Amino acid sequence: MLPNGRAGVRVRLLPEAGDGEGELMSATMLTVARTDALFVSGLSTGSCPQRGEIDAAIRAMVRCYHGSRGCAGEVAACYGEDPEYAVRRIVWARRLVTAEFGGHR
């Protein structure tokens, strides 16, 4: 059972510096983080990149925006600037992430 009371799959992440224990993140949270990172990437909406391109784009954006929170902030900013575009882009990103890495809907 997750802290929010929902059942879910947990994955072990690398430990944070100094904590020694690491963090647990639900698969759903990981899907959201990957989706946000892909959303802010330079890949074209509607394109069909290969898994390697998707993985590289996600990693690059997480580094560029200093983590998943930075990517989420950019997603939020885009929704404020152009909500219609943001909806199309997030749907595209989520479909790619779910298809390539699995995930919950």
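**Notebook: patches, loops and helices**

I began with Val87 and noted that this residue is partly exposed, with a relative accessible area of 44% (buried means under 20%, exposed over 50%, and partly exposed in between, with a 1.4 Å probe and protein chains only). The model is predicted, so I kept in mind that local features need pLDDT of at least 70 and that side-chain atom pairs count only at pLDDT 80 or more, while totals for chains, interfaces and linings use all residues. I also noted that residues are numbered from 1 along each chain as its sequence is written, and that side-chain values use heavy atoms, with hydrogens and water left out.

**The chain as a whole**

I read the order of elements from the N terminus as β-β-α-α-α-α, which is to say that the chain has two strands and four helices (DSSP runs numbered from the N terminus, with H or I over at least four residues for helices and E over at least two for strands). Of the 105 residues in the chain, 31% are buried. The chain exposes about 6,900 Å², and carbon and sulfur atoms supply 55% of that area (accessible areas come from the Shrake-Rupley method with a 1.4 Å probe, and for residues only the protein chains shown count as cover). I then looked at contacts between residues at least 6 apart in sequence, and found that 55% of them join residues at least 24 apart (contact means heavy atoms within 4.5 Å).

**Surface patches**

I went back to Val87, which sits in helix H4, residues 83–101. Together with Tyr79 and Val91, Val87 makes a nonpolar surface patch of about 220 Å² (patch residues have over 30% relative accessible area and no salt bridge; nonpolar side chains, Val, Leu, Ile, Met, Phe, Trp and Tyr, are joined within 5 Å, and like charges within 9 Å).

I found a negative patch as well, formed by Glu74, Glu81, Asp82 and Glu84 (Asp and Glu count as negative, Lys and Arg as positive, and His and the chain ends are not counted; the charge is placed at CG of Asp, CD of Glu, NZ of Lys or CZ of Arg). Asp82 belongs to the loop between H3 and H4, and I have this residue down as partly exposed, with a relative accessible area of 33%.

I counted one salt bridge (a side-chain nitrogen of Lys or Arg within 4 Å of a carboxyl oxygen of Asp or Glu). The bridge joins the side chains of Asp55 and Arg59, at 3.1 Å from N to O. Both residues lie in helix H2, four residues apart, about one turn of the helix, and Asp55 counts as partly exposed at 26% relative accessibility.

Asp36, in helix H1 (residues 27–39), gave another picture to look at. Asp36 is buried yet has no salt bridge, and the nearest side chain of opposite charge, that of Arg94, is 8.1 Å away. Leaving aside residues up to four places away in sequence, I found Asp36 touching Cys71, Ala72, Val75 and Ile90.

Ala33 is also in helix H1, and I recorded Ala33 as buried, with a relative accessible area of 17%. Ala33 and Val62 are 29 residues apart along the chain, and their C-alpha atoms are separated by 8.9 Å.

**The loop between H2 and H3**

Here I looked up two residues. Tyr65 lies in this loop and is partly exposed at 26% relative accessibility. The residues that Tyr65 touches, not counting those up to four places away in sequence, are Val40, Gly70, Cys71 and Glu74. Between the C-alpha atoms of Tyr65 and Val40, which are 25 residues apart along the chain, I noted 9.3 Å.

His66 is in the loop between helix H2 (51–64) and helix H3 (68–81), and counts as exposed, at 74% relative accessibility.
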